[in-house]
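Me: Got a two-chain thing open and want to talk through its contacts. Can you walk me through it?
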Amino acid sequence: MKRSLHLFLGSLLGSLRDLTPIVLVIAFFQIFVLEQTPDHLLQIFVGLIFVVLGLTFFIFGLEQGLFPIGESMAHAFANKGSVFWLLSFAFALGFGTTVAEPALIAVADEASKVAAEAGHIASGEQAMRSYATGLRYTVAFSVGVAITLGVLRILLNWPIHYMIMIGYVMVIVMTGFAPDEIIGIAYDSGGVTTSTITVPLVTALGIGLASSISGRNPMVDGFGLIAFASLLPIVFVLGYGMLI
Amino acid sequence: MQVLQDLRALMHSTFFDILPIAIIIFGFQFLVIRQRVKHLKKVLLGMLYVLIGITFFLLGLEEALFPIGRSMAAQLTNPEFLQSVRLSVGELHWVDYYWVYIFAFAVGAGTTIAEPALIAVAMKAHEVSGGAIGVFGLRIAVAIGVAVGLALGAYRIVTGFPMHYFIISGYVIVVIQTYFAPKLIVPLAYDSGGVTTSTVTVPLVAALGLGLAETVPGRSALLDGFGLIAFASLCPMISVMAYAQLSDFKNKRALKRLLDTDEYYSRQTKREPRS
């Protein structure tokens, strides 16, 4: 009890330190550049306290819950030796965490507006909604495929940089053929998909796998899953834009 | 009172965000792995902490950081403000937006340092590398990458250059660096691109991009407002590899100096018996 309280306090101090830069940035711009005091100063102060508390709980919970279970599952899958179940877990994790991602839903709605404005799809409510839903499922599917591919890479020891370069070449070639309006959204969708909960779990999965297979270095082989999860959506969304 | 209501609503929606993940984890645990979870109570408690943490974090963002970020983006791109700080004469030139670039840089650095997902990855990298990669060093490297990326992205929106030229040249730099950077850092560097752009950065950056695209003449908010996130996920790869290359270079030089002095001393000791 005392030890976890100690850990909690340490993580509280860490969050305070993490938040100082952004507070300084805002204060500097308000005072010296814009020369205004912001409205609702009290509300902002309360909000900042919430951010500090939130960060503290998040990191504390990560160490207690998400990291251990992610790694223990990776070990269990490695010991079980069933590649099929491991890959389907990887796919489910990628697809399931992305399809409900709030940032992705927002971007997909925005994208349907762009497509309607450019005259690619009918500007009716229904056409826009089906376009946005299609885009969301495309991205979620691509993240699922990406995590599966990344796990396969760890198992088979493929060199990561060749795979990433093939991805880059595909992005560059497809950029030449895709409609202009989709390019910005496609490039952005890579960054949007990897959420705050997915990242720790996926990282724990990769490192757990790499450290339980002999002959793998967790530093070289454990990372890289997120890289796939942010590259593949670009390719898939460009493809989606070309097809529709 | 309003805040409490928001808190409940947010807790509710965060719960449903986490639910699919919990179902996948426990579904596979019970149906496929068929083992009891070790320290089940601790794991559940940890997940509860994560839920509470994300809820408070998002509430704080909505109460404090977003409104102020949005209003600052609007103020900095306001034509009146731009007129009052401009450097050139005649029509507005891209240099007149210098405060926007500085703001984009500062916001990128500030939010990335506080990004929970990045902290998680940096902690793992520190643990796995046996302490060779510092948590804080990695976070600073990523923060600089995001900051430069956003400033560059803001510059692109102002000038209206096509985005794919920037992205493709970024890819070329990444490919070249991959050959020269220490092999250990490469996968981590690739990952750090995707990690940075989650909860904190995306909404703030989106507000900045849309604000800029709306006020700069000749830009469409819908077509040019996108793309900042792509810059913020490309540049950290470059900066993290550069960080590794720099520390590698420094280590090698220190080692060389050590060897040189060693040689010097051994020469000295060889000479000694003669004198």
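Reply: By salt bridge I mean a side-chain nitrogen of Lys or Arg within 4 Å of a carboxyl oxygen of Asp or Glu. Bear in mind that this is a predicted model: local features need pLDDT of at least 70, side-chain atom pairs count only at pLDDT 80 or more, and totals for chains, interfaces and linings use all residues. Residues are numbered from 1 along each chain as its sequence is written, chains are lettered from A and ligands numbered from 1 in the order in which they are written, and side-chain values use heavy atoms, with hydrogens and water left out.

Me: Which helices do A:Glu71 and B:Lys124 lie in?
Reply: A:Glu71 is in helix H2 of chain A and B:Lys124 is in helix H5 of chain B, so the pair joins two chains. Helices here are DSSP runs of H or I with at least four residues, numbered from the N terminus.

Me: And are A:Glu71 and B:Lys124 buried or exposed?
Reply: Both A:Glu71 and B:Lys124 are buried. That word means under 20% relative accessible area, with exposed over 50% and partly exposed in between (1.4 Å probe, protein chains only). B:Lys124 counts as buried because its relative accessibility is 4%.

Me: What else does B:Lys124 meet in a salt bridge?
Reply: B:Glu127, at 3.2 Å from N to O. B:Lys124 and B:Glu127 are three residues apart in H5 of chain B, so about one helical turn separates them. In general, an α-helix has 3.6 residues a turn, so residues three or four places apart point the same way. B:Glu127 is exposed, with a relative accessible area of 53%. A:Glu71, B:Lys124 and B:Glu127 are linked in a network of salt bridges.

Me: How many residues of H5(B) are buried?
Reply: 10 of its 13, so H5(B) is mostly covered. Among the buried ones are B:Pro116, B:Leu118, B:Ile119 and B:Met123. H5(B) runs over residues 116–128 and reaches 19 Å from first C-alpha to last, close to the 18 Å expected. The expected span is 1.5 Å times one less than the number of residues. After H5(B) comes B:Gly130, with a positive phi near 65°.

Me: Zooming out, how many salt bridges does the structure hold over all chains?
Reply: Three. One of them pairs B:Asp248 with B:Lys252, at 3.3 Å from N to O. B:Asp248 and B:Lys252 both lie in helix H11 (residues 228–271) of chain B, four residues apart. B:Asp248 is partly exposed at 27% relative accessible area, while B:Lys252 counts as exposed at 55%.

Me: What about the interface, how many salt bridges cross between chain A and chain B?
Reply: One, by the rule.
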